[in-house]
Every structure is written in C-alpha cells, then in structure tokens.
Amino acid sequence: MNAVKSAWFALVVVLLVVLHYSLRPVLAWRAPIDFLVIALLLVAVRARPGVAALAGFMLGIMADSLTPGAFGAGALAMTAVGFGASWLKAAFFADNIALNGIFVLLGKWAFDIIFLVAERRVLGTDLLVQAVLWSPLSAAATAIMGLVVLLAVRPVLGAPRS
Amino acid sequence: MRGNAAASIRGTIVAPLAGLQKRSELSRRAFLAHDEAVRVADSVTLRSQRLDGVTQENERLRRLLGLGAAVKWGFVPAEALQGRGLGDEFTVTLTAGRRAGVEPLSPVVAPEGLVGMVERVDDGLSLAITWPHPDFRVSAMALDGSAFGIVTAHLAPGAARYFLELRSVPLRSTLKPGALVVSSGLGGVYPRGIPIGSVVAELKSTEGWARSYLVRPAVRLPDIASVLILRPERVRAGVENVWQLGSATDSATKGVVAAGDSVRAARPDTARRLP
C-alpha cells in the first residue's frame with residue numbers, strides 16, 4: 001500500500017469512527033450500525049493478525065472508555081474479532097459481495113457475543129434475546145453498511161490482499 | 001484503576017468523540033422535538049387567532065344588537081356573504097330576500113354606517129352593491145349641514161380605490177379634514193343621518209364650480225359579517241336618531257354599543273346564551 005492509499009485508508013477509518021459517534025446517535029436504532037466494527041474489519045483484511053488485534057484493542061478500549069461499567073469487554077471483543085478476521089481474510093475476502101457481507105455480519109455478531117459474555121451485565125433470558133435477536137439484527141444492519149463502505153472504498157483502496 | 005484508565009482515555013483521545021456524540025444526540029432530540037414544538041406553536045397560534053376572531057365577532061354582534069335596538073323597527077337582519085372572488089369585490093350577498101321583506105334599493109347599514117344598497121332580490125337571498133362599487137351614489141352632507149354633495153366611489157388606482165369621494169360641494173362650502181359626512185336624505189333612497197365617512201382632504205376638482213373631497217369610509221368592508229337592511233317604510237320615517245352622532249364617529253359607535261349593552265342587561269337570559 002503506497003502513501004496515498006495509506007492516507008486514504010486512514011481517512012476512511014477516521015471517518016467511520018466519526019460516524020460511529022455522530023450518525024449512530026442520530027439514528028438511534030434499536031439494532032444500531034456498528035461503524036467501529038466496520039473500521040476494524042477494514043483494517044483486519046489489510047493487516048497481519050497481530051496488527052489487526054492491536055487495532056481492535058485500541059478501538060475497543062476507546063469505546064470502553066465511554067462505558068466504564070464494561071471497561072475491557074469491548075477491547076477484548078474487538079481484539080478477538082480483529083485477530084480472527086485477519087486470520088480468516090483469505091477465506092472470506094474474495095471478490096464476492098455476499099461473502100463479504102457474511103464476513104461483516106459474523107464479525108459483528110461475534111463481537112456482540114464476546115462483549116455480552118465478558119461484560120456479565122446481561123444474563124439469562126435477556127442475554128439470549130440480545131444474542132439471538134438484537135445482535136443479529138444489528139449485525140445485519142452493520143453488514144449492509146459495511147458492504148456499502150467496501151464498495152465505496154474499493155476504487156480508491158483496491159481489493160484487499162489475500 | 002480501571003476507572004482511572006477509562007477516565008484518562010475519555011479525557012484525551014475520546015474527548016472529541018464524546019463531544020461529537022453528545023452533540024449528535026442533542027441534534028436528534030431537537031429533531032424529534034421540532035415537530036412537536038411546531039405542532040404546539042401552531043395550535044397556540046390558531047387558538048389565539050380564533051379567540052381574537054371570536055372577540056371581534058362578539059363585539060360586532062353587540063354593536064349590531066345595539067343598532068337593531070336603536071332602529072327598533074322596519075329592518076331585516078342579514079348575514080353578509082363576501083365572495084372575495086373576481087367580480088365579487090364590490091358586491092355582497094345577503095342572507096335575506098323577498099320572503100323576509102327585502103326590496104330593491106333598500107339601504108344596507110352596519111353599526112359603523114352605510115354599507116351599500118340592495119340591487120337584486122331573490123326569494124331567500126339578495127345582492128347588494130357596496131360603497132366601492134362604481135354605481136354607488138348617495139346624496140350626502142356634512143354633519144352640521146354646512147355642505148351638500150354626492151358621495152361616489154373614488155375611482156383611483158391602487159389602495160386609494162377604497163376611499164370615497166364627496167363631489168359637487170359648492171365652492172362657498174369648505175370642509176375640514178375629519179369632518180363627518182352623513183347621508184342627506186335627498187333622493188329618497190337613503191334616509192338622512194347614516195354615517196358615510198369622514199373627510200380626509202380636498203381633491204383637485206375638474207369641476208370649476210364645485211369642490212371635491214376625499215372621504216375615508218366609516219365601514220370597513222372586510223369586517224362586515226352581519227348587517228341590517230332598512231325597509232322602505234323605515235326609510236321614509238328616517239333614522240336620524242339612530243346614530244347618535246356627535247362630533248366624531250366614535251361617539252356614534254359608543255352610543256350604538258351602549259344601546260347593545262342596555263339591551264343585554266335588560267335580558268339577562270339572552271346574555272347568558274351569548275358565547
């Protein structure tokens with residue numbers, strides 16, 4: 001990745017982080033779009049697993065700072081998702097829109113489940129409802145937005161390396 | 001330790017993002033509250049307008065009640081339906097016709113003064129020309145009888161079209177601005193003493209032997225909702241004591257309103273039924 005592409009990539013990631021804290025509160029959906037996960041997956045498919053895990057940790061700790069009750073849960077989930085996404089990128093990130101969508105959906109769903117379990121705030125039936133109802137819906141919304149972002153940045157950043 | 005770490009991150013890297021989130025949530029709340037706020041504001045405005053309209057209408061009805069009490073007999077009350085469309089600017093439809101005893105050429109009056117004259121009569125409705133109509137003519141005089149003339153519509157462009165003109169006033173008679181002009185009773189259509197308007201200024205007249213004056217009408221047509229149509233026998237009997245005209249129209253209006261109040265006071269059951 002040359003300097004120009006790196007600059008564009010950084011801009012896109014920053015833009016996604018900004019959208020997470022600007023557009024998401026405005027939409028205020030019950031199943032919200034997670035722009036941080038999209039940003040993490042964008043990083044993960046272009047970086048080695050260790051770098052992706054570090055990026056996930058930083059994004060997670062940043063998000064956790066606003067939820068002190070669950071501090072660390074987000075970092076753990078983001079780290080795991082970043083590492084896993086980077087490790088699995090060869091399998092998923094072919095030039096196939098549906099696979100990319102599933103990749104984002106599974107990434108977000110995995111993040112939510114790890115977060116919920118690590119957080120230990122929601123338990124029992126509530127945890128089940130959250131994990132099998134709201135999290136998949138949120139993952140679907142995130143996947144749709146992720147596809148839009150991937151299609152939008154592909155002309156600028158090119159296809160991810162396998 | 002965990003709290004301190006979170007606080008330090010919140011205070012440094014995440015601070016701008018937290019601020020952004022706060023502003024976004026405020027924007028969302030403002031957006032959601034906007035429709036409700038507009039709805040409430042519209043509702044309040046509408047209520048206040050209705051209240052204002054009801055107050056004005058109530059005031060007008062009291063005056064009309066006073067006028068009816070002052071005229072006492074020989075009139076037909078009617079509602080004025082103003083079309084406000086093309087061709088309807090200078091006419092008004094009245095909700096009383098032949099069945100109610102209305103006849104053509106009957107004067108139409110309001111508490112403030114002369115509105116116009118009935119031109120056509122149907123069974124249930126009648127059509128009246130109002131004072132801005134080009135065919136409107138009324139023999140008029142100054143309240144003190146010092147000057148006589150003919151009042152017509154002032155056929156000028158623009159807003160001046162809604163003034164009247166007192167024509168053919170003898171050169172020896174001068175009128176000061178504010179002088180009240182009333183019907184003179186000459187001609188037999190309009191009885192003597194109905195307020196028409198007040199003099200604004202003298203006009204440059206093409207008639208070398210007479211003066212012309214610009215007259216501000218006593219009746220504002222947009223305010224007209226209820227009127228009285230004078231029957232021929234009442235015209236013949238005269239209405240000179242109805243508008244207790246002093247030096248200004250206000251006193252006449254006050255007299256009419258006072259009559260309305262006295263009628264209401266005399267019939268408390270009627271007063272209770274008023275809105």
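Which side chain meets that of A:Asp112 in a salt bridge? In this predicted model, the partner of A:Asp112 is A:Lys108, with N and O 2.8 Å apart. Because A:Asp112 and A:Lys108 are four residues apart in helix 5 of chain A, about one helical turn separates them. Both A:Asp112 and A:Lys108 are buried.

A:Lys108 also takes part in a salt bridge with A:Asp34, at an N to O distance of 2.9 Å. This second pair links distant parts of the chain, 74 residues apart. A:Lys108 belongs to helix 5 (residues 97-119) of chain A, whereas A:Asp34 is found in the loop between helix 1 and helix 2 (35-44) of that chain. The relative accessibility of A:Lys108 is 4%, so this residue counts as buried. A:Asp34 is likewise buried, because its relative accessible area is 4% and the cut-off for a buried residue is under 20%.

A salt bridge in chain B joins B:Asp123 to B:Arg98, and the closest N and O atoms are 2.9 Å apart. B:Asp123 is partly exposed, with a relative accessible area of 43%. B:Arg98 also counts as partly exposed, at 47% relative accessibility. In chain A, by contrast, salt bridges with shared partners join A:Asp34, A:Lys108 and A:Asp112 into one network. Over all chains, the search of the whole structure finds seven salt bridges.

None of these salt bridges spans the two chains: across the interface of chain A and chain B, the rule finds zero. Polar contacts are found there, in four residue pairs with both residues at pLDDT 80 or more. The contact involves 15 residues of chain A and 14 residues of chain B. About 1300 Å² is buried between chain A and chain B, and carbon and sulfur atoms give 74% of this area. On the chain A side, the residues that lose the most area to chain B are A:Tyr21, A:Ser65 and A:Phe71, which together account for 38% of what that side buries. Helix 1 gives the most, with seven residues. By residue class, the side of chain A that touches chain B comprises 12 nonpolar and three polar residues, with no charged residues.

Aromatic pairs were also examined. The structure holds three of these pairs over all chains. One of them is formed by B:Phe90 and B:Tyr162, whose rings are tilted, with 50° between the planes and 6.4 Å centre to centre. The two residues are 72 residues apart and link distant parts of the chain. B:Phe90 is located in the loop between strand 1 (75-81) and strand 2 of chain B, and B:Tyr162 in the loop between strand 7 (148-153) and strand 8 (164-170). B:Phe90 counts as buried at 17% relative accessibility, whereas B:Tyr162 counts as partly exposed at 41%.

Definitions and conventions: Residues numbered from 1 in each chain as written. Chains lettered and ligands numbered in written order. Predicted model: local features only at pLDDT ≥ 70, side-chain atom pairs only at ≥ 80, totals over all residues. Heavy atoms only, no water. Contact = heavy atoms within 4.5 Å. Buried area = accessible area lost by both parts, 1.4 Å probe. Salt bridge = Lys/Arg side-chain N within 4 Å of Asp/Glu carboxyl O. Polar contact = N/O pair within 3.5 Å; in protein donor to acceptor, adjacent residues only side chain to side chain. Nonpolar A, V, L, I, M, F, W, Y, C, P; charged D, E, K, R; others polar. Buried < 20%, exposed > 50% of the residue type's maximum accessible area, 1.4 Å probe, protein only. Phe/Tyr/Trp six-rings, centres within 6.5 Å; stacked < 30°, edge-to-face > 60°.
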